[in-house]
Amino acid sequence: MVHYLNLLYYIIGYVKIELRGIGMEKFLNMAVNQGVLFWDVKRKKDSIQLKTTLKDFAELRKIAKKTDCHFSIIVKKGLPFYFKKMNKRKGLVFGCILFVAILYYLSSFVWFIQVEGNQTVASEKILDMTEKHGLRPGIKKDEIDTLALAKEITAEDDRLVWAGIEISGTRALVEVVEREEEEENFQGYGDIVALEKGEIEKIIALSGYPLVDVGDEVKKDEILIAGRIVPTKIEEEQPYIDYEDLQEYPRVEAKGFVYGTMVFENKVEVLLERKVEQRTSNEYVRRGIKIGDRTFYLDLQDVPYLEYDVEKIETQKITEGFRAPFNLVKKVYYETEEVIEKLSKKEAREEARELLLEELEEQIPANSEVIDIDFKDAEIENNKLRKELEITIEGNMGKLKSF
């Protein structure tokens, strides 16, 4: 009951006063006789403290004059005082209301996206897929079809067998289940063909019909083991069958191992004098913030260079599948100018050598042993340096070519 009274007094407002004077006893008696409400009366050494409502405060003031007492207000409490105080700070009140309204509006958007359940598929990869299909920081929650989005994510990456989207507050939780790893098997038919020209040193056909033998020299893409099954009786009667004649037999995925030496060749040309774009020491930096698909830059001045190249850097904090709702963007404009670059013969030969090795490195199969490297003498003609390279290796000569 006391709690309800305290709440009522707070709603209607009350004050705590301290009364002094020679007629304090008379003051209390008159107040009681006139039905003035007061409570929490405490006697001090030379004063009395009590509480009364705003309505009865005026009556107590009149009684104090009649009894030669005077009092002072110690505390003001209640909603009337609070509203009066707020009325003097309209700007603050408006700001609070506006803040709450903006907060409520922003709560209708997704600002945080978190990924869970992934082991092999990177969180960033999944976040890129969700963004591609419409789920990104800054999108309204009622524009997201979570079921359709989950299906699209699952369909886009074969490693995922299930995906679920849950929107909670301003956060979207993307849960995924990955497919268990299975041994990759070739599902189809194919021949084993030569990676490059070379000579065969060993051949073992596990499945299919071998068309070459040890010591044979083969060309690039020549069929080594055909993806056909020839009955044993036919093989015994006919020691060798041409590829064209094999077409009548059942197809199969050719399997086997063909080992030998191969020769990879390559040639490049390098200009001794050429025009190149070169950066000067001048650069201009523009910074901004990217929310959703839109980027807002802090300055909109024109780039002060006629010729330039641009480097754009986006940074976003990603921790354990959590992505911040915005990207920091930095664009650096480097002023460029066209200059004539002249290479000495030595520099041109070195550049050609690096290009030859770089290009051939991509073609040479793994686990091969390099037997010989032969750089041909460079030729210079019409401002060009030409250089050739031959690399002889030993290793697996075959690769599967489906049909």
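In the predicted model, M129, T130 and K132 of helix α6 meet L149, I153 and E156 of helix α7. Three of the residues in this contact are nonpolar, one is polar and two are charged. Helix α6 covers residues 123-132, and helix α7 covers residues 146-156. Two packed helices are described by the angle between their axes and the distance between the axes. Here the axes come within 10 Å and cross at roughly 130°. The crossing of α6 past α7 is right-handed.

A sheet was also found in the model. Four strands build this open sheet, and their order is β2-β3-β1-β4. The pairing is antiparallel. Strands β2 (38-43) and β4 (69-77) stand at the edges. Each has a single partner strand, so one side of each lacks a neighbour in the sheet. On average, neighbouring strands are turned by 20° against each other, direction ignored. W39 has K51 in β3 as its bridge partner.

Two helices lie across strands of the sheet. Helix α2 (residues 24-33) lies across β1 (14-21), β2, β3 and β4. Its direction is at about 165° to β2. Helix α3 (residues 54-66) lies across β1, β3 and β4. The angle of α3 to β3 is about 135°.

Notes: Residues numbered from 1 in each chain as written. Predicted model: local features only at pLDDT ≥ 70, side-chain atom pairs only at ≥ 80, totals over all residues. Heavy atoms only, no water. Pairing = 2+ DSSP bridges. Axes fitted to C-alpha atoms, helices over the stretch in contact; angles between N-to-C directions. Contact = heavy atoms within 4.5 Å. Left-handed = near helix turned anticlockwise from the far one by under 90°. Nonpolar A, V, L, I, M, F, W, Y, C, P; charged D, E, K, R; others polar.
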